[in-house]
Amino acid sequence: MDARFVAVGAAIATLAHAPAMADSATNGLGPLVQVSEVSPFGPLEACGNFPGEFFGIGVNFVDSEVEPWVEVNPTDPRNIAAFWQQDRWSNGGARSNVAGVSVDGGSTFEIVVVPVLSDCTGGDFERATDPWLSFSPNGVLHQISLVFDQDPPEPDPLALGGRNGITVSRSFDGGLNWTDPILIIDDTNPQLFNDKQSITADPNDSDFVYAVWDRLETLNEFDFRGPGLFARSTDGGLSWEEAREIFDPGINNQIIGAQIAVLPSGEVLNFFNQIINFLPDGSLNPVPFTLAFQRSDDNGATFAPTERGIRVDDILALGVFTPDLLAPVRDAAILFDVAVDRRRGRVYAVWQDSRFSGGAFDEVAFTMSRDGGRSWSETIKVSQTPADPVRPLRQQAFIPSVSVAGDGTVGVTYYDFRNDVDRAPELADHFLVRCRSRCAAAANWGDEIRLTDQSFDYLQAPTAGGLFLGDYVGLAATKRDLLAFFQQSFTDDPASGFFRRAKTRPRPAGPWISAQASDMPD
């Protein structure tokens, strides 16, 4: 996602490991592995040097890797694929999207340049952004990227940017090599901009792959719309049907953050933030953001409803600021994450929310459905950040992700500032909390563990509408492990990606068990 939100309100290199925590064997953590560090594209003058003027002249953060996603191969848990924006621009997007691939359970990763996305990878577009991955049950890996030119071709007061499109491609070897991409939508009208796409390979049938996103459209000086679009493949990604509109929130409203979740029964649920800016009487909506969804029982051939989504709950996020200097953080305040338990069909959702603090700051909200989305549990707080009455903003918890392991354990990750010190630097860490049963009750969430070895300074992150490590972070799962892929920033490196494996049921002591052993059947 980039600044065009208008709602009111294959080069390969291997990187070294980062040092592991000394007590990782006793808290269920594997070693902390640094996945990314130096840009495979070299200096800015080598490629992708398009600063643009739309949203201000751009500044590029070379060697920054932001907005990570991660998936694990269902046919081989040793094969883990990560995806991120490489070399972020301050005014939108990156020089391209790049993958990191492990074939040894996350002990090492290879950097893989996904071809023909942007100028830096042999493509026709200046930039790429919003990376997302999904494995089909047969082990084919699918990627989706937003590709675009920053500036419109000529001045236009209604412009949202230059040419833009959504591109997909697939890998038959776990992410090491990729097919040429397919543009599933390509818009040259500067008043149209596609945004915030995701891709989901149907876990029940390798033939079906689903892509969803929103497309913003300026209608005139005062009005816009932002409907939900959808495209699917019925032949495993070889070809794609024409993109079509499946949800219309109405004039001056939009959706964002669409994600497909597929139930074991085969039902396809399309979740999104439904943004209703104005009430029927024309007044501003005081609660414009709602987590909602629509349902398909025919593998995406049709969806219902098509106008007002099925409500889950309100999203009452404020947005995050660093606790001392109050520097704005570009976080996940208008987004969410969802996951499905493949054994029991339960659906889980998390997002940033201020209701638990009385509207003072954001924490992590959670709800679940046991009946395929027909009813939802009471929304609870699951982040475990300790109280700090002296520095209340150290209690913020943000950019949550959720995933479900094969044994039914639910994991949620998030950043917080609990280890911050007075004034600069603004120190942050990444945490994981787990629940093994009856997750609708807050008391059943615990076993929180710190995924970072040392606190990092959030002030060193790239700036893109705020300090920016991404609108989302990666969290995947195997049978007994949760796999986190997240970013940290440093004085000499604006953002790098790190991988860490955590047990769903950590033992009190003993040697670390390898990925191969820990995911073998009992």
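Q: Where is I57 placed in this model?
A: The model is predicted. I57 sits in the loop between β1 (33-34) and β2 (60-73).

Q: Is I57 buried or exposed?
A: Look at the relative accessible area. Exposed means over 50%. I57 has 64%, so I57 counts as exposed.

Q: Which residues does I57 touch, leaving aside its neighbours within four places in sequence?
A: I57 is in contact with P51, G52, S90 and N91. Now take the C-alpha atoms of I57 and W89: 9.7 Å separates them, and the two residues are 32 apart along the chain.

Q: How many residues are in the largest nonpolar core?
A: A core of this kind is built from buried residues joined through their side chains. Here the largest has 55 residues. F271, L291, F398, Y415 and Y458 have the most contacts inside it. Apart from that core lies another, of 35 residues, including I199, W213, W240 and A243.

Q: What does Y415 contact beyond its neighbours within four places in sequence?
A: Its partners include F398, another of the residues with the most contacts inside the largest core. Among the others are Q396, A397, I399, D429, H430 and F456. L469, V473, F486 and Q487 are in contact with Y415 too.

Q: How is empty space found?
A: Rolling a probe the size of a water molecule over the atoms shows where empty space is left. In this structure, the largest cavity has a volume of about 140 Å³.

Q: Which residues lie nearest the centre of the largest cavity?
A: They are Q259, L335, F336, D471 and Y472, out of 18 lining residues. Sort the lining by class: 10 are nonpolar, five polar and three charged. Strands β10 (192-201), β15 (254-262) and β25 (397-404) each supply at least two residues of this lining.

Q: What lines the second largest cavity?
A: The lining consists of H142, V168, S169, R170, I199, G237 and W240. Strand β8 (residues 164-171) gives the largest share, three residues. By class, three are nonpolar, three polar and one charged. The space inside is about 30 Å³. I199 and W240 also belong to the core of 35 residues.

Note on methods:
Residues are numbered from 1 along each chain as its sequence is written. This is a predicted model: local features need pLDDT of at least 70, side-chain atom pairs count only at pLDDT 80 or more; totals for chains, interfaces and linings use all residues. Side-chain values use heavy atoms; hydrogens and water are left out. On a 1 Å grid over the protein atoms alone, a cavity is a set of points where a 1.4 Å probe fits but cannot get out, and a pocket is an open set with protein on both sides within 12 Å along at least five of seven lines; lining residues have an atom within 4 Å of a point. Grid points are joined across faces, edges and corners, and a volume is the space filled by probe spheres set on the points. Helices (H or I, at least four residues) and strands (E, at least two) are DSSP runs, numbered from the N terminus. Ala, Val, Leu, Ile, Met, Phe, Trp, Tyr, Cys and Pro count as nonpolar, Asp, Glu, Lys and Arg as charged, and the others, Gly among them, as polar. A nonpolar core is a set of buried Ala, Val, Leu, Ile, Met, Phe, Trp, Tyr and Cys residues joined through side-chain atoms within 4.5 Å. Buried means under 20% relative accessible area, exposed over 50%, partly exposed in between (1.4 Å probe, protein chains only). Contact means heavy atoms within 4.5 Å.
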